[in-house]
Amino acid sequence: MKKYKELLRVMLAISIIVVGVTHFVIPEPYVKIMPPQLPYPLGLVYLSGFYEILGGIGLLVPPVSQAAAWGLIALFIAVFPANINMAVNHIHLEHIPDSPWVQVVRLPFQAVLIAWAWWYTKPSDREKQASIIPKSLIPKELELE
């Protein structure tokens with residue numbers, strides 16, 4: 001698994017960035033699954049989308065990648081009530097199979113996402129870590145030990 005750690009980092013980063021962008025492009029499904037007790041559902045959808053994009057980019061910037069991973073963990077926990085709301089209230093979304101089974105299976109998947117992000121809370125090998133900026137441009141004092 002260690003062999004694929006950086007490939008999986010890029011996969012998580014790209015996936016979470018794409019999902020974050022969809023919060024702005026098609027926010028309606030996210031608004032639909034928001035628990036009704038929460039205020040400003042559209043604003044919260046945009047906020048979570050912003051932090052998903054930020055977290056995905058952060059995973060690929062070595063000096064902040066560990067903080068980004070912690071932020072994604074917090075975000076995955078924060079959006080969990082929407083997944084619970086969807087499962088408990090059997091909220092149907094277009095292009096997602098309308099099955100209580102599918103809605104319930106989504107719940108433990110959140111733990112998989114948390115574990116995946118957790119993997120990146122530990123220091124990584126600077127030379128091997130995936131980065132969107134050339135490592136030669138990262139000042140030594142910003143490197144994490």
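Two residues are in contact here when heavy atoms lie within 4.5 Å. Helices (H or I, at least four residues) and strands (E, at least two) are DSSP runs, numbered from the N terminus. The model is a predicted one, in which local features need pLDDT of at least 70 and side-chain atom pairs count only at pLDDT 80 or more, while totals for chains, interfaces and linings use all residues. Residues are numbered from 1 along each chain as its sequence is written, and side-chain values use heavy atoms, with hydrogens and water left out.

**The overall picture**

The C-alpha trace spans about 50 × 30 × 25 Å along its principal axes. Of the 145 residues, 35% are buried, meaning under 20% relative accessible area, with exposed meaning over 50% and partly exposed in between (1.4 Å probe, protein chains only). Among contacts between residues at least 6 apart in sequence, 67% join residues at least 24 apart.

**Helix α4 and its cover**

Helix α4 takes in residues 65–78, 14 residues in total, and reaches 20 Å from its first C-alpha to its last. That is close to the expected 20 Å, where the expected span is 1.5 Å times one less than the number of residues. Which residues of α4 are buried? They are Ser65, Gln66, Ala68, Ala69, Leu72, Ile73, Leu75 and Phe76. Their cover includes α1 (5–25), α3 (41–59), α5 (80–88) and α6 (100–118).

**Ser48, a residue of α3**

Ser48 is found in helix α3, and it counts as buried because its relative accessibility is 12%. Leaving aside neighbours within four places in sequence, Ser48 is in contact with His23, Leu75 and Val79. The side chains of Ser48 and His23 are joined by a polar contact of 3.5 Å. Such a contact is a pair of N or O atoms within 3.5 Å; within protein, one must be able to donate a hydrogen and the other to accept it, and residues adjacent in sequence count only if both atoms are side-chain atoms.

Most residues other than glycine have a negative phi. Here are two with a positive value:

| Residue | Phi | Loop |
|---|---|---|
| His90 | about 50° | between α5 and α6 |

Tyr40 counts as exposed because its relative accessibility is 70%.
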